[in-house]
Amino acid sequence: MNRANLLDSRNGRFLTFGLLYVSEGIPYGFTSIAMVAFMRQEGLSLALIGTFVAALFLPWAFKWAWAPVIDLIKLHRFGGRKAWIVACTVMMIVTLLIAATVDSKAHFQLLLAMVVLNNVFCATQDVAIDSLAVSTLQADERGRGNGFMFAGQYLGIALGGGGAMFVNGRFGFEAALSGVAALLLLSLLFVVMFVRDPQADATLQRQAGVLGRLYHSMVSFVKEVYASFWQSGSGPKIGVAFALLPIGALALAYATLATIQVDYGLEDHQIAELTIYNTVAAAIGCAAGGWLGDRYGSKRTVAIAYALTALPTLLLAMQIAETGLQSVPMNLFYGIIVAHGLFFGMAFGVRNAIFMGMTNPAVAATQFTAFMGMSNIAISTGNYWQGIVAESMGYSAVLYLDALFAVLVILVIPFLRDREDAPAMEPVTAEPLLASE
């Protein structure tokens, strides 16, 4: 008996992609929050931590390089994109369990290598999830769909970041890693039981002429990708530039946030508490941003949200410049971080709906992943320069510059457009050879 497929209904799609993004947020929160706080507590410099976080984003920044594999190798007989999601989740669990056996002090470099490898599988899982979302979410669902997706991601960040910090403070680093792996196992069971790729066709059989058909598919595919970016109107072209620019004021969302909490003097349980408050606020912001985007327009909502992210960033910069970091009242410090999380969530949740409108469903994994990869290059670059500037000039300089960049990016938003139909290309989905691999 076939189980119900949640992707067959609107609310089911919202629930499915929200929970799938929870599974993405868990290891992301662990690496970018818990790991960074742990490293700062061990005495690593801000510049080194900034470089570390930048390196963690590299698999996300360059996932477009292997995204075509998911578009071309459909794995129909094994469930289509569901098979990719399941396989990557399994490998995410395996790499974390291996990392849990590593002595973090004696073999810290090995631990970091396993965490980076975990991000490779997490980024690949993201490619398959995004491809599934682009092809199943309806046009009037994109804003809310992305809102639920990134609300789920922030919930995962709360579990993998704040939750791991809490477990780390009470039971140790290895227990925190094991807990994260257990949460991923629950996500895996959900996908296996309740999700099916509607485009998967188990009746397709392997055909002869493997190399010739692979070459033919690749040529058609490259042509389709090229047309989707450069022959689909001005929208995707400007979208490339927009994707490479900062997502509003982002310093209080990544490595700087983690290190500033340690340098402020917060203990593990306080970092865990603030992380949960912040990520819950960001999740609410994602859902609100998606709803506002569908109702009032994605571009208008993104522009307002970008501007709002600059306000708490500027306020904290002024407080640090006037009185010093540790003299900022704790209630104000908490309020600034949580407010920024809310506004950043609004920006993040609806921003990707714009990219979905620019994406050709025929090459969804590759084109949308390319947009997301460019966004992660912007995040990686931001973490890199922020660590260097914080080390040499202090946190206030980082925050002032971060707010300035957020406002400048808004100038690009009015020029963003959805894709236009490109000249007809030979369909890339017509090759049953790769569908059966």
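Why does leucine 189 count as partly exposed? Leucine 189 has 42% relative accessibility, so it falls in the partly exposed class (buried is under 20% relative accessible area, exposed is over 50%, and partly exposed lies in between, with a 1.4 Å probe and protein chains only). The structure is a predicted model, in which local features need pLDDT of at least 70 and side-chain atom pairs count only at pLDDT 80 or more, while totals for chains, interfaces and linings use all residues. Residues are numbered from 1 along each chain as its sequence is written, and side-chain values use heavy atoms, with hydrogens and water left out.

**Surface patch**

- Leucine 189 sits in helix α8, residues 173-194 (helices are DSSP runs of H or I with at least four residues, numbered from the N terminus).
- Together with Leu185, Leu186, Val192, Met193 and Phe194, Leu189 makes a nonpolar surface patch of about 520 Å².
- Patch residues have over 30% relative accessible area and no salt bridge, and nonpolar side chains (Val, Leu, Ile, Met, Phe, Trp, Tyr) are joined within 5 Å; accessible areas come from the Shrake-Rupley method with a 1.4 Å probe.

**Cavities**

- Four cavities of 30 Å³ or more are present in the structure (a cavity is a set of points on a 1 Å grid over the protein atoms alone where a 1.4 Å probe fits but cannot get out, and lining residues have an atom within 4 Å of a point).
- The largest cavity holds about 370 Å³ of space, a volume being the space filled by probe spheres set on the points.
- The largest cavity is lined by 32 residues, of which Tyr28, Gln153, Tyr254, Phe348 and Ile379 are the closest to its centre.
- Two or more lining residues of the largest cavity come from each of α1 (10-41), α6 (108-136), α7 (142-171), α12 (268-296), α14 (330-358) and α15 (364-393), and α14 gives the largest share, six residues.
- By class, the lining of the largest cavity has 18 nonpolar, nine polar and five charged residues (Ala, Val, Leu, Ile, Met, Phe, Trp, Tyr, Cys and Pro count as nonpolar, Asp, Glu, Lys and Arg as charged, and the others, Gly among them, as polar).
- The second largest cavity has a volume of about 60 Å³, and its lining residues include Leu46, Thr256, Asn383 and Tyr395.
- Helices α2 (46-56), α11 (255-264) and α15 each supply at least two residues to the lining of the second largest cavity, with the largest share, four residues, from α15.

**Salt bridges**

- The count is five salt bridges (a side-chain nitrogen of Lys or Arg within 4 Å of a carboxyl oxygen of Asp or Glu).
- Arginine 10 pairs with aspartate 140, with the closest N and O atoms 3.1 Å apart; arginine 10 is in helix α1 and aspartate 140 in the loop between α6 and α7, so the pair ties together parts 130 residues apart in sequence.
- Arginine 10 is partly exposed at 34%, as is aspartate 140 at 42%.
- Glutamate 141 forms a salt bridge with arginine 13, the closest N and O atoms being 2.9 Å apart, and both glutamate 141 and arginine 13 are buried.
- A network of salt bridges links Arg10, Arg13, Asp140 and Glu141.
- Aspartate 197 forms a salt bridge with arginine 81, where the closest N and O atoms are 2.9 Å apart.
- Aspartate 197 is buried, with a relative accessible area of 9%, and arginine 81 is buried at 8%.

Definitions and conventions: Patch = residues over 30% accessible without salt bridge, like charges linked within 9 Å, V, L, I, M, F, W, Y side chains within 5 Å. 1 Å grid on protein atoms, 1.4 Å probe; cavity = no way out; pocket = protein on both sides within 12 Å on 5 of 7 lines; lining within 4 Å.
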